[in-house]
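This briefing goes through one structure topic by topic. Have the sequence and the 3D view open while reading.

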Amino acid sequence: PAIPGGAVSISPHQNAAAVVRRHPGGTTFVFEPGVHRGVSISPRRGDSYLGRPGAILSGAHELEGFTARDGYWAVGGQSSELFGSGGCEFLPDGTRYRACTHPEQLFVDGQTWRQVSSIDELADGRWFFDYARNRVYVGADPAGHTIELSTVPHAFVGSAPNVRIAGLVIERYANRAQTGAIEAPGSSGWVVETNELRLNHGFGLRIGHGMQVLDNYVHHNGQIGVGGIGNNVVVTGNEIAYNHTAGFLEEWEAGGTKIVFTKNLVFRWNWVHHNSGRGVWTDIDNVDSLIANNLVEWNTRGGIVHEISYDAVIRDNVARNNGLG
């Protein structure tokens, strides 16, 4: 995005929330290139948060100091006060996966490892959080690898009106199911545009009233790409892909989108593809929706699902190769 004169610069080594607090509402902030760790901001009325190319907001911190322990590797001092929710998938043996309810995620060289519920389930590609002992275990030797643990629940959260978020990579936030790395319930007039929202646990983005969701790339989030509640919402020009990576039950809520309790939703010109679950899902009291001109393909369940809602216009979409999962 174009950076206006007078914008307040935030560098990766600064405490972003503290910088914001030193300035009045309605200020434009610009994140400089680099990884900004632990950023969690409650925007004020009229604030803008812009990113220069290469600006990344991360909800994860690096883990170091692993020691070999009973055939596994562990590091202490990793307390978390987060709580989780959600319905998890069934495993091939018919038992229920449990760890999707925990919002923390572990990344090894950028790849998401699968959390398990007990130390006995550890293996290469799996990790276990012993919450009682504040200890993280991994199932393969971490030497020579970058290990990151997400523990920050949201990058932006609040209900102040008329906020703009643009040009940022927002990744690896430990947001629980049915909440977003950008979490805007009860807000009005937000503009979220040209961002990349990836590798967050719950939703990449949770909408609010009057939000414009424009030209974002929303991918590889744990539960859903875009979801939430809000009237007069416009979602257009986005790529929503490869979402649902955290083992939620698809029939409960997982996939590309799930939007509920809206009036006058416009969902148009989006490319919704390769999500595990439904592609475009409007469920429960969506009234006067327009779903048009979208390309919806290669989602494992229904491509476009309009459920328990009414007065929709669904036209001029291409829906192909969905439901093959």
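Is phenylalanine 156 buried or exposed? Phenylalanine 156 is buried, because its relative accessible area is 0%, and buried means under 20%. This is a predicted model. The points below cover its aromatic residues, its disulfide and one of its sheets.

**Aromatic pairs**

- The structure contains six aromatic pairs.
- One of them joins tyrosine 49 and phenylalanine 156, with ring centres 5.1 Å apart and 50 degrees between the planes, and this pair is tilted.
- Tyrosine 49 belongs to strand β4 (residues 48–51) and phenylalanine 156 to strand β14 (residues 156–157), so the pair ties together parts that lie 107 residues apart in sequence.
- Tyrosine 49 counts as buried because its relative accessibility is 0%.
- Phe29, Tyr49 and Phe156 are linked into a cluster by ring pairs.

**Arginines over rings**

- Arginine 114 sits over the face of tyrosine 97, and the distance to the ring centre is 3.9 Å.
- Arginine 278 sits over the face of tryptophan 281, at 4.3 Å from the ring centre.

**The disulfide**

- A disulfide is a covalent bond between the sulfur atoms of two cysteines.
- Searching the whole structure turns up one disulfide.
- This disulfide is formed by cysteine 88 and cysteine 100, whose sulfur atoms are 1.9 Å apart.
- Both cysteine 88 and cysteine 100 lie in the loop between β8 (72–75) and β9 (106–108), so the pair ties together parts that are 12 residues apart in sequence.
- The disulfide of cysteine 88 and cysteine 100 is left-handed, because the torsion about its S-S bond is about -100 degrees.
- Cysteine 88 has 4% relative accessibility and therefore counts as buried.
- Cysteine 100 has 1% relative accessibility and therefore counts as buried.

**The nine-stranded sheet**

- Nine strands with parallel pairing make up an open sheet, in the order β3-β5-β16-β19-β22-β25-β28-β31-β34.
- Its edge strands, β3 (34–37) and β34 (318–320), each pair on one side only.
- From one strand to the next, the twist averages 10 degrees.
- Within this sheet, β16 (residues 169–171) and β19 (residues 196–198) run parallel and are joined by three bridges.
- Isoleucine 170 has leucine 197 in β19 as its bridge partner.

Terms used. Residues are numbered from 1 along each chain as its sequence is written. This is a predicted model: local features need pLDDT of at least 70, side-chain atom pairs count only at pLDDT 80 or more; totals for chains, interfaces and linings use all residues. Side-chain values use heavy atoms; hydrogens and water are left out. A disulfide is a pair of cysteine sulfur atoms within 2.5 Å. Helices (H or I, at least four residues) and strands (E, at least two) are DSSP runs, numbered from the N terminus. Buried means under 20% relative accessible area, exposed over 50%, partly exposed in between (1.4 Å probe, protein chains only). Two strands pair if DSSP finds at least two bridges between them. Axes are lines fitted to C-alpha atoms, for helices over the stretch in contact, and angles run from 0 to 180 degrees between N-to-C directions. Rings of Phe, Tyr and Trp (its six-membered ring) pair if their centres lie within 6.5 Å; planes under 30 degrees apart count as stacked, over 60 as edge-to-face and the rest as tilted. A charge sits over a ring if NZ of Lys or CZ of Arg is within 6 Å of the ring centre and within 35 degrees of the ring normal.
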